[in-house]
Amino acid sequence: MNAVELPNPYHRHWQRSLRKVRARIEKVPPFRASGRVVRATGMVIEAVGMQAPLGSACRIELPAPYSHEPPRFAEAQVVGFAGEKLFLMPLSEIAGLLPGARVFPLGSGGNGARRFPLGEALLGRVVDGNGEPLDGLGPLDDAHQATLQTPPLNPLSRAPIETQIDVGIRAINALLSVGRGQRMGLFAGSGVGKSVLLGMMARFTQADVIVVGLIGERGREVQDFIDNILGPEGRRRAVVVAAPADTSPLQRLQGAAYATRLAEGFRDEGRDVLLIMDSLTRYAMAQREIALAIGEPPATKGYPPSVFAKLPGLVERAGNAQRGGGSITAFYTVLTEGDDQQDPIADSARAILDGHVVLSRTMAEAGHYPAIDIEASISRAMTQIISPDQARLAQSFKRLFSRYQRNRDLISVGAYARGNDPQLDEAIQRYPALEAFLQQQIDEQAPVDASLEALAKTLGVNR
């Protein structure tokens with residue numbers, strides 16, 4: 001039976017099929033553009049013979065391990081150009097790269113903006129900086145795909161920070177209150193308890209979704225954070241993006257942007273999101289590696305200017321959406337090298353964030369956890385979100401605590417005589433209770449109301 005003799009239903013079916021095939025064929029370009037590798041130095045690969053926009057993705061052809069196998073491909077991104085040369089940085093290992101290897105731009109027309117899985121399908125999952133699953137729970141083929149780039153929100157259209165969020169940490173809820181949509185920094189040196197404090201917030205904070213970005217940390221810490229710190233309860237409503245220290249700087253940079261993009265996606269659905277990024281310093285270091293590799297001159301302590309331009313670009317994406325919409329409350333850890341609070345990244349982060357919580361090594365070494373230095377910490381949105389009664393209590397607590405700390409040496413050697421300073425006498429009397437108020441066990445949750453009751457009791461005030 002020829003095609004003319006087919007009954008009409010079959011004839012129409014074949015016509016529709018042919019039209020679909022023709023539409024797909026017409027989208028295929030008549031030729032495939034490619035370039036070739038002319039130089040590979042350190043992390044940067046130089047290619048000529050093609051055009052691709054900055055930030056687009058490419059595939060670099062690598063020889064197969066055996067002659068009878070097809071060639072392999074490594075993905076890279078365009079990070080710069082000079083004249084006809086494109087500077088590429090690979091996202092994975094490129095062992096076996098040969099001079100003259102072919103380079104293919106991804107995407108139609110050379111616009112290779114990569115797309116990443118987003119949305120509900122990622123809850124409870126652990127992915128890498130490319131959006132590939134790390135947890136062995138299957139692919140994310142059914143997830144919604146989108147690029148990492150989003151238009152910036154109009155600052156005048158954002159909802160103001162006016163509602164306190166419960167983070168479950170007594171010292172923060174009572175003395176450094178955080179508002180929904182606020183962006184806070186967690187400043188500390190290594191080994192002072194940043195990850196443990198972040199894990200407590202992830203478990204205790206009242207949020208619809210938690211997005212955790214583990215950027216540039218040790219690979220061992222990823223599993224430890226998921227199993228022991230985040231826990232099964234926190235993981236059910238969380239997405240973890242892991243780009244450990246042994247990944248390429250480009251993937252670390254991409255991992256931070258991807259975690260932020262995930263949070264933006266949930267916020268656009270009207271949800272309240274807690275974004276935890278550990279750490280902002282590793283993100284800055286990854287950008288420094290890339291910038292120095294393509295020839296950007298260093299400026300402040302070895303950091304090129306692009307690092308200080310990238311930081312606000314990432315941080316400003318968090319925060320509240322329009323009134324009635326969702327929110328992203330963000331906590332970024334900032335590693336202060338040698339506990340130097342004047343480190344350029346710490347100084348820059350302090351200027352662009354809505355407050356900072358400083359962890360003290362001295363307090364941590366004394367067994368005081370969480371080791372929050374109340375005197376050095378501040379929440380810039382606190383006065384807009386708390387009651388006048390809480391403001392007075394917090395001020396009284398800080399005044400007594402600070403008075404004791406300034407006179408600690410005199411008190412320790414017995415050089416102070418009671419009765420000379422009534423306020424210092426009260427500080428000495430209440431100091432054990434003040435210190436106990438600031439301490440909290442890792443599995444102990446302190447809601448806002450309970451934190452305020454404990455604050456009033458510590459100061460001897462009836463509420």
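This is a predicted model: local features need pLDDT of at least 70, side-chain atom pairs count only at pLDDT 80 or more; totals for chains, interfaces and linings use all residues.

**Entry: strand E5.** In which sense do strand E4 and E5 pair, and over how many bridges? I found that E4, residues 72-82, runs antiparallel to E5, with 6 bridges between them. For one of the pairs I noted glutamine 77, whose bridge partner in E5 is methionine 89. Most residues other than glycine have a negative phi.

I then checked E5 against strand E2 (residues 44-48) and found 3 bridges, again antiparallel. Here alanine 47 stands opposite leucine 86 of E5. Is E5 itself mostly covered or mostly open? It is mostly covered: of the 6 residues in E5 (85-90), 5 are buried.

**Entry: glutamate 264.** I looked this one up in helix H5, which covers residues 249-268. Is glutamate 264 buried or exposed? Its relative accessible area is 4%, so I count glutamate 264 as buried, the cut-off being under 20%. What does its side chain meet? I found a polar contact with the side chain of threonine 150, at 3.3 Å. Setting aside neighbours within four places in sequence, I listed Thr150, Arg317 and Ile328 as the residues in contact with glutamate 264.

**Entry: cis peptide bonds.** The bond from aspartate 278 to serine 279 is cis, with omega near 10 degrees. Serine 279 sits in the loop between strand E13 (272-278) and helix H6 (280-293). The bond from tyrosine 369 to proline 370 is also cis, with omega near -10 degrees. I placed proline 370 in the loop between helix H9 (361-365) and strand E17 (378-379).

**Entry: helix H13.** Does the length of H13 agree or disagree with its residue count? With 17 residues (422-438) at 1.5 Å a residue, H13 should span 24 Å, and its end C-alpha atoms are 23 Å apart, so the two agree. Along the way I marked a kink of about 55 degrees at arginine 430, shortly before proline 432.

Which residues of H13 are buried? My list includes Leu424, Asp425, Ile428, Tyr431 and Phe437. Among the elements that cover the buried residues of H13, I noted helices H2 (170-175), H11 (388-406), H12 (408-412) and H14 (448-458).

Notes: Residues are numbered from 1 along each chain as its sequence is written. Side-chain values use heavy atoms; hydrogens and water are left out. Helices (H or I, at least four residues) and strands (E, at least two) are DSSP runs, numbered from the N terminus. Buried means under 20% relative accessible area, exposed over 50%, partly exposed in between (1.4 Å probe, protein chains only). A polar contact is a pair of N or O atoms within 3.5 Å; within protein, one must be able to donate a hydrogen and the other to accept it, and residues adjacent in sequence count only if both atoms are side-chain atoms. Contact means heavy atoms within 4.5 Å. Two strands pair if DSSP finds at least two bridges between them. The expected span of a helix is 1.5 Å times one less than its number of residues. The bend at a residue is the angle between axes fitted to the seven residues ending there and the seven starting there.
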